[in-house]
Amino acid sequence: MIAVSGVSMRYGSKILFDDVTTTFSPGRRYGLTGPNGAGKSTFMKLLTGELEPQRGTVVRPAKLGVLRQDQYAFDAYRVLDTVVMGNARLWSALAERDALYAKPDMSNEDGMRLGELEGIVGEEDGYSAESDAAVLLQGLDIPDELHDRTMAELQGGQKVRVLLAQALYGRPAALLLDEPTNHLDLDSIHWLQEFLNRYDGTLIVISHDRHFLNGICTHIADIDYQTIITYTGGYDDMVLSKTQIRSKVESENAQREKKIAQLNDFIARFGAGTRASQVTSRRKEVERLQVSDLARSNIQRPHIRFTLRRPSGKVPLECSGVSKAHGETAVVRGFGAVVNRGDRIVLVGRNGVGKTTLLKALLADAPGLPPSPGDIDAGTLKWGHEVAVGYFPQDHTDAIEKGLTAVEWLHRFDPEASRQDIHGLLGQMLFSGEEGLKPTDALSGGETARLLFCRLMLQKPNVLVLDEPTNHLDLESINALNVALQKYEGTVFLVTHDQDLMEEVGTRVWHFDHGQIEDFKGSYEEFVASVTP
């Protein structure tokens with residue numbers, strides 16, 4: 001169990017949460033939600049002990065499993081060793097034991113200490129440590145041949161999975177995971193979901209994946225109104241309950257305000273007359289009914305709307321015999337397809353199978369975009385009549401030019417647009433007032449993503465190519481994107497690991513598997529049903 005009592009945190013004049021008292025119980029799985037900047041990661045650090053509260057106390061179990069966000073902290077260690085480090089007591093005992101065995105001569109004290117250490121190793125299941133770690137790694141799609149390599153030899157997504165295995169290792173009493181589905185493909189996310197549903201300790205998870213939260217959470221701890229309110233059920237249940245509670249409070253306040261107005265009218269009419277006792281009574285009732293100020297919600301909902309400057313032809317893209325390889329590895333072999341106007345195609349498959357590679361090949365000579373590397377090795381690609389492509393890249397690093405303000409950068413894509421139009425567009429994506437003058441060098445990951453959406457809305461392309469667009473977005477922004485794509489009248493190519501987005505947006509599926517692409521004409525749910533025994 002984790003118990004929080006009277007905890008407050010603020011930065012300058014901004015209150016994240018004030019006088020929070022709540023309990024996270026064993027056997028329950030909590031989603032920690034709230035928009036970007038609400039204080040989710042700060043609260044998680046309070047729970048792990050990385051931060052001390054400015055006021056109040058946190059009581060936590062001795063053994064915590066924590067997902068480490070620093071992918072490079074363990075580069076010098078073997079993959080198996082990195083996982084075992086998730087049990088700090090065991091890892092310390094193993095390291096000290098190995099150091100003693102390495103001594104050329106052991107004293108009696110060394111022998112006694114070895115006995116104590118062997119006892120700790122036994123208590124912590126240290127004799128099966130590597131095999132237990134290997135089972136976790138296999139479940140997270142880290143093959144056996146990588147287990148003895150160093151972390152430095154792994155790709156970024158693989159490192160995240162190893163660190164996830166580290167957090168899960170050693171059966172901690174409480175498990176704290178900050179964005180555990182980042183860089184995981186759908187198969188790994190499903191495995192993780194099943195694993196966490198079997199976990200019987202206290203689970204607290206931050207995630208911007210609505211489907212994942214609905215699939216694992218028994219409760220939602222929502223940071224809003226400068227406090228944390230716990231709701232029963234998954235994310236969708238919380239949204240419904242929160243709306244109902246807020247509506248009830250506002251309705252009660254409206255009734256109070258009406259009653260107060262009636263009482264004040266009576267006081268004004270008879271305050272100087274002979275009905276002094278009744279006036280006094282009504283003044284006291286006014287004081288009792290005064291509406292307490294509601295803390296302001298910190299939820300901000302962006303408004304995303306993709307429109308077309310002009311529609312494309314009936315066939316925006318036609319490809320035939322397309323092949324692409326990385327060195328000796330075939331990513332795509334002999335793929336052909338006719339894409340119809342209005343198709344919303346989701347590209348699915350394990351990480352590394354070539355989804356991003358194919359998108360970049362499609363974009364190499366795409367109308368509306370500057371030429372880029374990534375052409376196909378064989379076959380033909382033909383973009384159709386009046387096609388204009390808008391691209392949202394997976395890697396934001398160099399997507400926005402540095403040394404400009406957000407307004408200046410955006411204005412370059414439509415010099416004819418007025419400053420008022422540009423600021424209006426930025427306002428839709430939560431860059432209010434002076435925030436539009438923020439230097440592009442200082443943008444966070446979420447701000448960069450929102451500015452890229454501003455560019456797409458300004459350009460009004462009739463084909464959208466979106467590669468992992470939900471990275472760095474909070475749930476409110478992801479929901480807004482979901483609705484915008486469903487209403488969009490153009491053609492969409494979408495790579496995402498957000499299952500709700502795939503199910504609700506996609507009308508066609510390209511499934512990647514060992515160099516082959518299956519072109520399934522139907523929704524993602526229909527595709528899953530077709531391949532499920």
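**Charges, bridges and burial**

Analyst: Arg-305, Arg-309, Lys-460 and Lys-487 gather on the surface in a patch of positive charge. This is a predicted model, in which local features need pLDDT of at least 70 and side-chain atom pairs count only at pLDDT 80 or more, while totals for chains, interfaces and linings use all residues. Residues are numbered from 1 along each chain as its sequence is written, and side-chain values use heavy atoms, with hydrogens and water left out.

User: What makes a group of residues a patch?

Analyst: Patch members have over 30% relative accessible area and no salt bridge; like charges are joined within 9 Å, and nonpolar side chains (Val, Leu, Ile, Met, Phe, Trp, Tyr) within 5 Å. Lys and Arg count as positive, Asp and Glu as negative, and His and the chain ends are not counted. Each charge is placed at NZ of Lys, CZ of Arg, CG of Asp or CD of Glu.

User: Where is Lys-460, and why is Lys-460 called partly exposed?

Analyst: Lys-460 sits in the loop between helix H14 (445-459) and strand E15 (463-467). Buried means under 20% relative accessible area, exposed over 50%, and partly exposed in between (1.4 Å probe, protein chains only). Lys-460 has 32% relative accessibility, so Lys-460 counts as partly exposed.

User: What makes Asp-81 and Arg-78 a salt bridge?

Analyst: A salt bridge needs a side-chain nitrogen of Lys or Arg within 4 Å of a carboxyl oxygen of Asp or Glu. In the pair of Asp-81 and Arg-78, the closest N and O atoms are 3.0 Å apart, so the pair meets the definition. Asp-81 counts as buried because its relative accessibility is 18%, whereas Arg-78, at 23%, is partly exposed. The whole structure has 30 salt bridges.

User: What makes a stretch a helix or a strand, and how many of them does the protein have?

Analyst: Both are DSSP runs numbered from the N terminus: helices (H or I) have at least four residues and strands (E) at least two. The protein has 17 helices and 18 strands. Of its 533 residues, 49% count as buried.

User: Which residues does Gln-428 contact, and why is Gln-428 called partly exposed?

Analyst: Contact means heavy atoms within 4.5 Å. Leaving aside neighbours within four places in sequence, Gln-428 is in contact with Pro-302, His-303 and Met-457. Gln-428 lies in helix H13 (residues 419-428), and its 27% relative accessibility is why Gln-428 counts as partly exposed.

How values were computed
Accessible areas come from the Shrake-Rupley method with a 1.4 Å probe; for residues, only the protein chains shown count as cover.
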